[in-house]
Amino acid sequence: MKHIYTYGGQYAQRHLTVGCILKNKAAGKRMTQVTAFDAEEAAAAADAQIDTLTIGADTVTEIRAAAPHIFITAAQAMRQHVTEDDALAGAIDAMVKGADAIYTPRSLTHIERIAREGISVQAHSGLFPARSTQLGGLRTVGKTAVEAIELMKYYRQLEDAGAYAVEAECVAEEALAEISKHSNLVTVTIGGGSSGDIILSYMSDLSGDTPNPPRHARAFGEVGRIRAELRAERAKALQGYRAAVMDRSFPDVESTVFMPTDELDKLREGLGRLQPVHR
């Protein structure tokens with residue numbers, strides 16, 4: 001366990017720091033990362049000894065409380081923090097709340113602006129689904145030498161901008177392996193084969209909770225099937241409840257509280273003596 005102070009000046013402990021991650025990369029030690037959209041998922045990941053989490057920047061407080069020691073990268077969504085000032089303010093806010101690094105899908109100038117404030121920044125490369133129309137659709141990036149070299153040039157620009165890591169989404173395995181020999185960036189891969197330093201999976205994909213998972217995903221659980229069974233069981237219960245109410249079999253004697261007979265007699269006698277409210 002590493003002892004640290006957060007960006008917000010709070011004492012804390014972490015299983016991993018940026019320094020640890022860089023050492024693991026140098027040593028060739030593979031790490032894991034999953035998404036967590038709420039406190040329950042974060043706690044489950046921490047209990048399973050997942051190395052790092054990637055979460056929404058707006059959920060840092062609740063997830064940090066649920067998983068106090070895990071390394072967290074707070075992701076700024078494409079629709080958030082449009083200007084550089086907004087991105088910096090959002091990054092500082094997330095770091096003060098307990099994030100360890102910031103992911104931004106935006107430009108080199110955004111990355112540089114955040115990194116200049118001493119914040120560890122992760123960028124994005126390869127397939128960017130929100131920009132897939134520019135690539136001719138959803139596809140793997142770096143399958144040609146020309147495209148792989150362009151990716152390498154971008155990685156150098158990211159390093160110059162101050163990024164310490166980059167997500168490599170749907171990048172050809174061999175391209176990423178060769179590029180990594182010439183880059184100090186920590187690679188966080190999803191759909192990028194086995195060459196990444198950190199292998200990222202979505203919680204829903206690995207849990208078997210995605211109806212039509214992407215090619216690069218693998219289900220290690222059956223949460224989707226269990227959810228379907230729960231929905232079916234809930235529907236069965238609701239139908240049974242309604243039928244019982246309609247045929248007056250519920251509420252029944254076992255689920256009803258009755259007055260003692262003498263108290264009921266007193267109630268009826270008392271009600272009989274009451275004057276009518278309306279004449």
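This is a short tour of one predicted model, stop by stop.

**Stop 1: the main core**

Select L53, Y155 and L158. These residues have the most contacts inside the largest nonpolar core, which has 41 residues. Now colour helix α6, residues 145-161. Helix α6 gives the most to this core, with six residues.

Stay with Y155 and show what surrounds it. Which residues does Y155 touch, leaving aside its neighbours within four places in sequence? The contacts are S125, V166, A168, L176, I179, S183, L185 and T187.

Next, select V18, M31, V186 and I198. They are among the 14 residues of another core, which lies apart from the largest one.

**Stop 2: along helix α6**

Go back to helix α6 and pick K153, which is found there. Is K153 buried or partly exposed? K153 counts as partly exposed, because its relative accessibility is 46%. K153 and I179 are 26 residues apart in sequence. In space, the distance between them is 9.5 Å, C-alpha to C-alpha.

**Stop 3**

The model has 14 salt bridges in total. Start with D100 and R64. Their closest N and O atoms are 2.9 Å apart. Where do the two partners sit? D100 is in the loop between α4 (84-96) and β6 (101-103), and R64 is in helix α3 (residues 60-66). The pair therefore ties together parts that are 36 residues apart in sequence.

**Stop 4**

Select E178 and K181. Their side chains meet in a salt bridge, at 3.1 Å from N to O. E178 counts as partly exposed, at 43% relative accessibility. K181 counts as exposed, because its value is 60% and the cut-off for exposed is over 50%.

Move on to E229 and R225. This salt bridge has an N to O distance of 2.6 Å. Both residues lie in helix α9, residues 223-246. They are four residues apart, about one turn of the helix. E229 is partly exposed at 46% relative accessibility. R225 is partly exposed too, with a relative accessible area of 39%.

Salt bridges that share partners join R14, R64 and D100 into one network.

**Stop 5: a nonpolar patch**

Show the surface and select Y241, V245, M246 and F250. Together they make a nonpolar surface patch of about 400 Å². V245 belongs to helix α9. At 31% relative accessibility, V245 counts as partly exposed.

**Stop 6: one face of helix α5**

Last, select helix α5, residues 108-115. Which of its residues are buried? They are H110, I111, I114 and A115. Turn the view to look down the axis of α5. The buried residues fall within an arc of 125 degrees, so they line one face of the helix. Then show what covers them. The cover includes α4, β7 (121-126) and α6.

Definitions and conventions
Residues numbered from 1 in each chain as written. Predicted model: local features only at pLDDT ≥ 70, side-chain atom pairs only at ≥ 80, totals over all residues. Heavy atoms only, no water. Core = buried A, V, L, I, M, F, W, Y, C linked by side-chain atoms within 4.5 Å. Buried < 20%, exposed > 50% of the residue type's maximum accessible area, 1.4 Å probe, protein only. Helix = DSSP H or I, 4+ residues; strand = E, 2+ residues; numbered from the N terminus. Contact = heavy atoms within 4.5 Å. Salt bridge = Lys/Arg side-chain N within 4 Å of Asp/Glu carboxyl O. Patch = residues over 30% accessible without salt bridge, like charges linked within 9 Å, V, L, I, M, F, W, Y side chains within 5 Å. Areas by Shrake-Rupley, 256 points an atom, 1.4 Å probe, with all protein chains shown as cover. Arc of directions from axis to C-beta.
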